[in-house]
Every structure is written in C-alpha cells, then in structure tokens.
Amino acid sequence: MATLRIATCQFPVSADVHRNIAYVRRYTARAARAGAHAVHFPEAALSGYGGTDVKRWTGFDWDALRAGTEEVCAAARMHRLWVIVGGAHPLTGNHLPHNCLYVINADGAIVDRYDKRFL
C-alpha cells in the first residue's frame, strides 16, 4: 500500500508578494524535510487577498508575482515536491484578476490552474 503525505501550511498572507513568497519557499523546504510528497497553501497565498490585502489591482506588481511564482516552481523542483498554492491570475482587458490555485509538479512545472468564480 502506497502512502501519500501532504503538508498543509498557513501563514499571515499579506499584500507583500516578496514576504508571501518567502513564507511559501520556507514552508516548502520544511515540508520536504518532513517527508511530504505535496504541500498545500491557502487561497491568495502568493498575491494577498483582493479587497482585503490588495485594496486595488491598479498598480499591483504583476512582475514580482510572476517572478515569485517562478521561485516557487524552482523550490518544487529542488525539493522534488508537488506544490498547490493560491494566487491571483491577471486576465486580459479591464477584467479583475481571478483568485486561482496553481498545481506545480515535482519537476517545477505548473500542470494545472483552477480559477475561482463567483456564483
């Protein structure tokens, strides 16, 4: 019988993308040391929560978020660990970004993305 060990992590998510990424990278390493196969983070863990942490998306540092997401992909690859992490995903035009969940495999590739929708 195979065992799947999943770590789930919570931290004080904020509008500071660099701070959020540092938490995700730190807990990814910690999960790997604990023998996890996958690590799960909350909604908006990378970007901060729209309307709460991020008051307006105008002027949001999307480049920092993209670079930070690449850092998380590199951490997944380095630790040979799947990472499931929430963030904001920009859309085209004048649309607000979606809250999304990225699924990153142990090779460091984003293999899927789930976009949250309002009902």
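Author: Contact means that heavy atoms lie within 4.5 Å of each other. This is a predicted model, in which local features need pLDDT of at least 70, side-chain atom pairs count only at pLDDT 80 or more, and totals for chains, interfaces and linings use all residues. Residues are numbered from 1 along each chain as its sequence is written, and side-chain values use heavy atoms, with hydrogens and water left out.

Reader: In what order do the 5 strands form the open sheet?

Author: Strands (E, at least two residues) and helices (H or I, at least four) are DSSP runs, numbered from the N terminus. Two strands pair if DSSP finds at least two bridges between them. The pairing in this open sheet is mixed, and the order of its 5 strands is β1-β2-β3-β4-β5.

Reader: Which are the edge strands?

Author: Each edge strand pairs on one side only. The strands to which this applies are β1 (6–8) and β5 (110–115).

Reader: What does the twist average from one strand to the next, and which strands does helix α1 touch?

Author: From one strand to the next, the twist averages 25°. Helix α1 (residues 17–33) packs on the sheet, and its direction makes about 145° with that of β2. Such angles run from 0 to 180 degrees between N-to-C directions, along axes that are lines fitted to C-alpha atoms, for helices over the stretch in contact. The strands that α1 touches are β1, β2 (38–40) and β3 (82–89).

Reader: What angle does the direction of helix α2 make with that of β3?

Author: Helix α2 (residues 62–79) also packs on the sheet. The strands touched by α2 are β3, β4 and β5. With the direction of β3, that of α2 makes an angle of about 175°.

Reader: Where is C100 placed, and with which residues is it in contact, leaving aside neighbours within four places in sequence?

Author: The strand that holds C100 is β4, and C100 is buried at a relative accessible area of 4%. Strand β4 (residues 98–104) runs antiparallel to β5, and 5 bridges join the two. Beyond those sequence neighbours, the contacts of C100 are V85, G86, G87, A88, H89, R113, Y114 and D115.

Reader: How many disulfides are there, and how far from the sulfur of C9 is the closest cysteine sulfur?

Author: A disulfide is a pair of cysteine sulfur atoms within 2.5 Å, and by this rule the count is 0. C9 is buried, with a relative accessible area of 12%. The closest cysteine sulfur to that of C9 belongs to C73, and it is too far for a bond, at 16 Å.

Reader: How far away is the cysteine sulfur nearest to that of C73?

Author: C73 is in no disulfide, and its nearest cysteine sulfur is that of C100. The distance is 12 Å.

Reader: How many aromatic pairs are there, and what is the distance centre to centre between Y23 and Y27?

Author: Rings of Phe, Tyr and Trp (its six-membered ring) pair if their centres lie within 6.5 Å; planes under 30 degrees apart are stacked, over 60 edge-to-face, and the rest tilted. The count by this rule is 6 aromatic pairs. Y23 and Y27 form a stacked pair with 10° between the planes, and their distance centre to centre is 6.2 Å.

Reader: About how many helical turns separate Y23 and Y27?

Author: Both residues belong to helix α1. They are 4 residues apart, so the separation is about one helical turn.

Reader: Which residue has its charged end over the ring of Y23?

Author: A charge sits over a ring if NZ of Lys or CZ of Arg is within 6 Å of the ring centre and within 35 degrees of the ring normal. Y23 itself is buried, with a relative accessible area of 16%. At 4.9 Å from the centre of that ring lies the charged end of R26.

Reader: Which loop holds A44?

Author: A44 is not a glycine, yet its phi is positive, near 65°. A44 counts as buried, at 0% relative accessibility. Its place is the loop between β2 and α2.

Technical notes:
Buried means under 20% relative accessible area, exposed over 50%, partly exposed in between (1.4 Å probe, protein chains only).
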